[in-house]
Amino acid sequence: MQPLRGLVVVALEHAIAAPLATRQLADLGARVIKIERPGEGDFARGYDHRVRGLSSHFVWTNRSKESLTLDLRQPAARAVLERLVLEKADVLVQNLAPGAAARLGFGHAEWRERKPALVVCDISGYGDDPQRPGPYRDKKAYDLLIQAEAGLVSVTGTEETASKAGISMADIAAGMHAYAAILAALIERGRTGQGMRIDISMFEALAEWMGFPLYYAFDGAEPPPRRGASHATIFPYGPFPAGDGTTVLFGLQNEREWTSFCTTVLRRPELAEDPRYAGNARRVEHREALQQIIIDGFAALSGPEVIARLDEAQIANARVNDLAAVWKHAQLAARGRWRTVGSPVGDLPVLLPPGTDADARLDPIPAVGEHTDAILAELGLDAAAIAALHASGAV
């Protein structure tokens, strides 16, 4: 399924939020032209070298794109970008610093009259609305900073130690909201012929994802306690050690499951009648005593044996996999979710995007500036003009 085939996206992007949004568009068939700095390119290329010398973040968010290098400090490079947007682009995405695109002459106001059908998506840390900038508009906004500001760190971790999420939650939230908003804007453009500006804030995107703890702490109520990998308000619901040293995570949702857990898993049916554990609120109240009962009950069992009993009792459960186990996960293999994409270091494994199948677009990860000359030629520049741009350092 490539419903966006024929759509052109120009991306002034770096790091994670915007590249993730545009990669989603590329997955659906859009042509994404990524603007990078000559030489070094997107600074996310240098975050690490874990994928045969390539950056893990870059490999994840930049397949199926074309790389055009432009030094936008130079008028000749800005002229190339102007032509590219006016002649080719349906969507312009950027996550430069607030106001930077406008200062370069590529803000939405500059395009509104010249190309009214253009969809412009601006992604920033705290939002970039000239009418309502807010006091945080110009603050630096890295993922961990936003996790802290939006309250995620306060509800993540253990009772003793607050923690960040293990993945870039703020970037991912912003990227996915940008992706959805761009698709909605394209539908609206199909009705009206008019583009629009989309203002995506990492802070607002993550604050939206914080809905449960925000409402749990509504009107000054206590926030959900930090319980590590355990559920803050349901028990038992979390990881428990088996006797062989492996860890099994399971969760109960109702009293029927509690009775089945006592009878089939722990093989202590009398616990189902114990008033200390009657209802989730009482089980949370007596969490420590019940946790020890479960640990003792699992001590003589291996992880697979615990899972077998939980399955028999029809209680939701999971292994606490490390990343090596996820690479080898039987479900991903059985559903044929792994493919390969090309890259500057050869073919690399990649997961099919959710909701897509065999016809998904999975084109290579570009080298810095790999498509520069081809795109310049597509704009009508001859070999001498292209050579002059290279000689000046504009591309």
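Helix H12 lies across strands S7 and S8, and its direction makes an angle of about 45° with S7. The model is a predicted one. The strands under discussion belong to an open sheet of 3 strands in the order S7-S8-S9, with antiparallel pairing. Its edge strands are S7, residues 237-241, and S9, each of which pairs on one side only. On average, neighbouring strands of this sheet are turned by 25° against each other, direction ignored.

S8 and S9 are paired in the antiparallel sense over 3 bridges.

Helix H13 comes next. It spans residues 303-312, and its buried residues are Gly303, Val306, Ile307, Arg309 and Leu310. Why do these buried residues line one face of the helix? Seen down the axis of H13, they fall within an arc of 160°, so they are found on one face. The face of H13 turned away from the buried side carries the exposed residues Pro304 and Glu312.

What covers the buried residues of H13? The cover includes strand S8 (247-251) and strand S9 (317-319), together with helix H10 (255-265) and helix H12 (287-298). H13 is followed by Gln314, whose phi is positive, near 60°.

Lys34 counts as buried because its relative accessibility is 0%. Glu13 is buried as well, with a relative accessible area of 4%.

A second salt bridge is formed by Asp27 and Arg63, where the closest N and O atoms are 3.2 Å apart. Here too distant parts of the chain are linked: Asp27 is in helix H1, and Arg63 is in the loop between helix H2 (56-61) and strand S3 (65-69), 36 residues apart. Asp27 has 1% relative accessibility and therefore counts as buried. Arg63, at 4% relative accessibility, also counts as buried. Elsewhere, salt bridges that share partners join Glu13, Lys34, Asp42 and Lys65 into one network.

Is Arg132 buried or exposed? At 67% relative accessibility, Arg132 counts as exposed. Its side chain meets that of Asp129 in a salt bridge, at 3.6 Å from N to O.

The last stop is Ser201, in strand S6 (residues 197-201). Ser201 counts as buried because its relative accessibility is 2%. Its side chain reaches the backbone nitrogen of Phe203 at 3.2 Å. Which residues is Ser201 in contact with, leaving aside its neighbours within four places in sequence? They are Ser124, Gly125, Tyr126 and Gly127.

Terms used:
Residues are numbered from 1 along each chain as its sequence is written. This is a predicted model: local features need pLDDT of at least 70, side-chain atom pairs count only at pLDDT 80 or more; totals for chains, interfaces and linings use all residues. Side-chain values use heavy atoms; hydrogens and water are left out. Buried means under 20% relative accessible area, exposed over 50%, partly exposed in between (1.4 Å probe, protein chains only). Helices (H or I, at least four residues) and strands (E, at least two) are DSSP runs, numbered from the N terminus. The arc is that of the directions from the helix axis to the C-beta atoms. Contact means heavy atoms within 4.5 Å. A salt bridge is a side-chain nitrogen of Lys or Arg within 4 Å of a carboxyl oxygen of Asp or Glu. A polar contact is a pair of N or O atoms within 3.5 Å; within protein, one must be able to donate a hydrogen and the other to accept it, and residues adjacent in sequence count only if both atoms are side-chain atoms. Two strands pair if DSSP finds at least two bridges between them. Axes are lines fitted to C-alpha atoms, for helices over the stretch in contact, and angles run from 0 to 180 degrees between N-to-C directions.
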